[in-house]
Amino acid sequence: MTTEARHHPLHHPLYTPLAVPLSERPPAEAPPAPPLRLAPDRLRNAIAAGAGAVALLWGVQARPSARLDAFFATGAHLTGLLAGYGVLVLLLLMARVPAVEHGVGADRLARRHALGGRCVLGLIGAHALLALCGYAVHTRTDLVTATGDLLAYGAIAAATAGTGLLVAVGITSARAVRRRVRHETWRAVHLGALLAAALGFVHQLAGPDLAGGLLTRWLWSMAHGTVAVLLVWYRIAVPVRAALRHELRVAEVRDEGPGVVSVLVRGRGVALLRAEPGQFFRWRFLRRGLWATALPFSLSAPVRDDTLRITVKALGDHTRRIRRLRPGTRVLASGPFGALTAHRRTRRKVLLLAGGVGITPLRALFETLPGGPGDVTLLYRASDATGLVLRAELETIARERQAALHFLLGPSDGAFDPLAPRALRHLVPELAAHDVYLCGPPAMARAATASLLRAGVPASRIHSEDFDHAA
């Protein structure tokens, strides 16, 4: 059924759809084999186990001593090793390894990356301070003199330069700064993290924890080499191979509403990409003004006939240029990424909750999630009817599937909140027994999550992903 809610959920007009045979729609391609996925808890446990192994490496080499300089030096060794390990973890999280991306989710990885970055900078600061204090005590000099003496060592100078690069990355990643920095500038600064990791590796090999043991040097080198290979393979080799194999080009740009267009991208053997409804790609359109930036957009329809479709709303310079794309424009697509897919489902009944252009991944799920009549419900929040994207398609899918479809219209600052717990429970009977897929603007997503929790939906069954913050 389809309803529009403008004021109070009890006043929704109801619409009973006619049954339309599903056979009239062109069949979707047979789904490919499911990809490998690393569960979030397994990733967390693996990272913790690695940190424990690093601490064990430090512990077997530590020599207890009551001397103050030895105390400082021992602390410097531990924080330095953990900082080096932390840098490797940060690079691994952003290497775009499919098993990690599909199991954890790109936005969750980005948040863990940001948190890990702050921890690494703290460890580096502690390492530098402890090492400086230990050297000053050992040589009986002041901190200024000790600083000058230490910077005369090449490995320490390299580590200092690497720290400066990491600090620049941290500053540009701060929320207040990132809003004011162009994406291209932010990404260029982030490339400095690779050089910082290399400089830190040089420093670590010269340190006492690694220089004295052939096995530890080999293991540390292998860990760095493995992460380097994963970065090169998944961020460079795989996208280049996909570009050569699939030869993606813009097939059509279709107006969907005020400031909204759908872009159809066609290529060869697109099914080999194994894209699932709910996932996104990073798109690079090879035309002036767009080629330098990879833009994250989710699929707004299942893959059919070697065609991918995205639906984009003009919100900035790059998205405004997309509506001027011409058929035949070459496209580089990296992906698929994201974990907002059917594999997260744990219950028979599913609620899809969308806001604005966040409907795009949920529209693909609305069509493809298995279920009988009444098993799938879609709530679509917008300020007015003009803000509803792909409305005709949603209504057609609802008729064919005999699914519930409610348009929740009204200003966000209105007297009535259609996303309040009581309103949600009225629209979706047995709401607490549903899985919920959520996608929309950040403020709407936060408010909806809070309401769902108050309505009794466990946090483990609220599935969301912020594609715009998937670095």
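1. Gln 402 counts as partly exposed, at 47% relative accessibility; the term covers values between buried (under 20% relative accessible area) and exposed (over 50%), with a 1.4 Å probe and protein chains only. The model is predicted, so that local features need pLDDT of at least 70 and side-chain atom pairs count only at pLDDT 80 or more, while totals for chains, interfaces and linings use all residues. Residues are numbered from 1 along each chain as its sequence is written, and side-chain values use heavy atoms, with hydrogens and water left out.

2. Gln 402 lies in the loop between α13 (391-401) and β10 (404-409). Helices (H or I, at least four residues) and strands (E, at least two) are DSSP runs, numbered from the N terminus. Gln 402 has a positive phi of about 55° although it is not a glycine. Arg 96 likewise is not a glycine and has a positive phi, of about 65°. Arg 96 is placed in the loop between α2 (68-93) and α3 (98-104), and at 10% relative accessibility it counts as buried.

3. Most residues other than glycine have a negative phi, and most peptide bonds are trans. A cis peptide bond runs from Gly 335 to Pro 336, with omega near 5°. Pro 336 belongs to strand β7 (residues 331-337).

4. Helix α6 (residues 154-173) packs with helix α8 (residues 183-206) at an angle of about 150°, and their axes are 8 Å apart. The axes are lines fitted to C-alpha atoms, for helices over the stretch in contact, and angles run from 0 to 180 degrees between N-to-C directions. The angle makes α6 roughly antiparallel to α8; angles over 145 degrees count as roughly antiparallel, under 35 as roughly parallel, 65 to 115 as roughly perpendicular and the rest as oblique.

5. On the α6 side, the contact with α8 includes Ala 155, Ile 156, Ala 159, Gly 162, Leu 166 and Val 169. Among the α8 residues are Trp 186, Val 189, Gly 192, Leu 195, Leu 199 and His 203. Contact means heavy atoms within 4.5 Å. By class, the contact of α6 with α8 has 17 nonpolar, six polar and no charged residues. Ala, Val, Leu, Ile, Met, Phe, Trp, Tyr, Cys and Pro count as nonpolar, Asp, Glu, Lys and Arg as charged, and the others, Gly among them, as polar.

6. Ile 156 is found in helix α6 and is partly exposed, with a relative accessible area of 23%. Leaving aside neighbours within four places in sequence, Ile 156 is in contact with Leu 150, Leu 151 and His 203. The C-alpha atoms of Ile 156 and Gln 204 are separated by 9.3 Å, and the two residues are 48 residues apart along the chain.

7. α2 and helix α10 (residues 214-246) pack at an angle of about 20°, with axes 9 Å apart. The two helices α2 and α10 are therefore roughly parallel to each other, and α2 passes α10 in a left-handed crossing. The contact is made by Leu 81, Gly 84, Tyr 85, Leu 88, Leu 91 and Leu 92 of α2 with Trp 220, Ala 223, His 224, Val 227, Leu 230 and Leu 231 of α10. This contact has 10 nonpolar, two polar and no charged residues.

8. Phe 285 lies in strand β4 (residues 280-285) and is buried, with a relative accessible area of 0%. Apart from neighbours within four places in sequence, its contacts include Val 250, Val 263, Trp 291, Ile 310, Ile 322 and Arg 330.

9. Two buried side chains make polar contacts. Arg 304, in the loop between β5 (295-298) and β6 (307-313), is buried at a relative accessible area of 18%. A polar contact of 2.3 Å joins the side chains of Arg 304 and Glu 367. A polar contact is a pair of N or O atoms within 3.5 Å; within protein, one must be able to donate a hydrogen and the other to accept it, and residues adjacent in sequence count only if both atoms are side-chain atoms. His 463, in strand β12 (residues 462-464), is buried at 5% relative accessibility, and its side chain makes a polar contact of 3.0 Å with the side chain of Asp 435.

Terms used:
Left-handed = near helix turned anticlockwise from the far one by under 90°.
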